[in-house]
Amino acid sequence: MVVVADYQTAGRGCGTNKWESERGKNLLFSILIHPVEVPVMKQFHISMAISMAIFDALEQYIGDVSIKWPNDIYWRNGKLGGILIENRLQGGCIKDCIIGIGLNVNQEQFFSDAPNPVSLKQIHAEDTDREQLLRDILARFEQYMTQDVKARYLAHLYRRKGFHPYTDKQGAFMAELVDVEADGHLLLRDDNGTQRRYAFKEVTFII
Ligand SMILES: O=C(O)CCCC[C@@H]1SC[C@@H]2NC(=O)N[C@@H]21
């Protein structure tokens, strides 16, 4: 099931964040799936599949798109979209999974305190057909759910190559991206050669 909203009065982002979206301008949708075939320990597959579906769909319009671990869609250093995934587990399976997606499509100005929003319209100066984009993402998502998508996902990660600044509870450091594990942990290698492993929210990209 897919639920699409033209406007949200209480759009939610990750954690306690709100999701800003001007009426009738963007893509706001949630997909309900019952991925009982995806083992809980490999649940990040769902995130990789939807991220790659969005990546491919956007790349038809613009270049320089990347996926910022774990759930953001970036254009250069700006946030073009966000993904919020909520799972309900039962008996070692993912019984229900709601994937909420917000993509900045035709909005030209942003007013919230989000640090770095950007829209397709701001990038390529044209309005994009939101229905077409949605259809495209859904078709690709269905395909990616049945494929091993990890190599592609890694190849298109934001900051895939080189050392970049991050911060964790111990402070700021420079690191390079090593891998993303099946359950979603991020592996970084710092400039001392030490490998660091993070769950969601345990590390922040300094941008
Ligand atoms: O913080 C993020 O990056 C995730 C944003 C997710 C926004 C989408 S819009 C559709 C669905 N409904 C919501 O309230 N949030 C998600």
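This is a predicted model: local features need pLDDT of at least 70, side-chain atom pairs count only at pLDDT 80 or more; totals for chains, interfaces and linings use all residues.
View 1. L28 lies in strand β2, a strand that runs over residues 27-33. Strands here are DSSP runs of E with at least two residues, helices are runs of H or I with at least four residues, and both are numbered from the N terminus. At 2% relative accessibility, L28 counts as buried; the cut-offs are under 20% relative accessible area for buried, over 50% for exposed, and partly exposed in between, with a 1.4 Å probe and protein chains only. From L28 to D64 the count is 36 residues in sequence, and the C-alpha atoms are 22 Å apart in space. Residues are numbered from 1 along each chain as its sequence is written, and side-chain values use heavy atoms, with hydrogens and water left out.

View 2. The ligand sits in the largest pocket. A pocket here is an open set of points on a 1 Å grid over the protein atoms alone, where a 1.4 Å probe fits and protein lies on both sides within 12 Å along at least five of seven lines; sitting in a pocket takes more than half of the molecule's atoms within 2 Å of its grid points. Around the ligand there are 17 residues, and the closest are Q8, R12, G13, C14 and K79; to be near, a residue needs a heavy atom within 4 Å of the molecule. Which strand gives the largest share of the shell around the ligand? That's β5, with four residues. At least two shell residues each come from β2 (27-33), β5 (78-90) and β6 (93-103). Sorted by class, the shell has seven nonpolar, seven polar and three charged residues. For that sorting, Ala, Val, Leu, Ile, Met, Phe, Trp, Tyr, Cys and Pro are nonpolar, Asp, Glu, Lys and Arg are charged, and the others, Gly among them, are polar.

**View 3. Polar atoms facing the ligand.** Zoom in on Q8, and a polar side-chain atom lies 2.9 Å from a nitrogen atom of the ligand. With K79, a polar side-chain atom is 2.6 Å from an oxygen atom of the ligand. C14 uses its backbone instead: an N or O atom there lies 2.7 Å from a ligand oxygen. Taken alone, the ligand exposes 420 Å², and the protein buries 92% of that; areas come from the Shrake-Rupley method with a 1.4 Å probe.

View 4. D56 is part of helix α1, residues 44-59. Is D56 buried or exposed? D56 counts as buried, because its relative accessibility is 15%. The side chains of D56 and Y144 are joined by a polar contact of 2.5 Å. Such a contact is a pair of N or O atoms within 3.5 Å; within protein, one must be able to donate a hydrogen and the other to accept it, and residues adjacent in sequence count only if both atoms are side-chain atoms.

View 5. D168 belongs to strand β7, which covers residues 163-168. With 12% relative accessibility, D168 is buried. Its side chain reaches the backbone nitrogen of Q170 at 2.8 Å.

View 6. In the loop between β4 and β5 you'll find R76, a residue other than glycine with a positive phi, near 50°. R159 has a positive phi as well, near 60°. This R159 is in the loop between α4 and β7 and is buried, at a relative accessible area of 12%.

**View 7. E108 beside Q122.** E108 is in the loop between β6 and α2 (120-124). A relative accessible area of 47% makes E108 partly exposed. Although E108 and Q122 are 14 residues apart in sequence, their C-alpha atoms are 6.0 Å apart.

**View 8. A151 on helix α4.** Helix α4 (residues 150-155) holds A151. A151 is exposed, because its relative accessible area is 61%. Between A151 and S112 there are 39 residues in sequence and 35 Å in space, C-alpha to C-alpha.

How values were computed
On a 1 Å grid over the protein atoms alone, a cavity is a set of points where a 1.4 Å probe fits but cannot get out, and a pocket is an open set with protein on both sides within 12 Å along at least five of seven lines; lining residues have an atom within 4 Å of a point.
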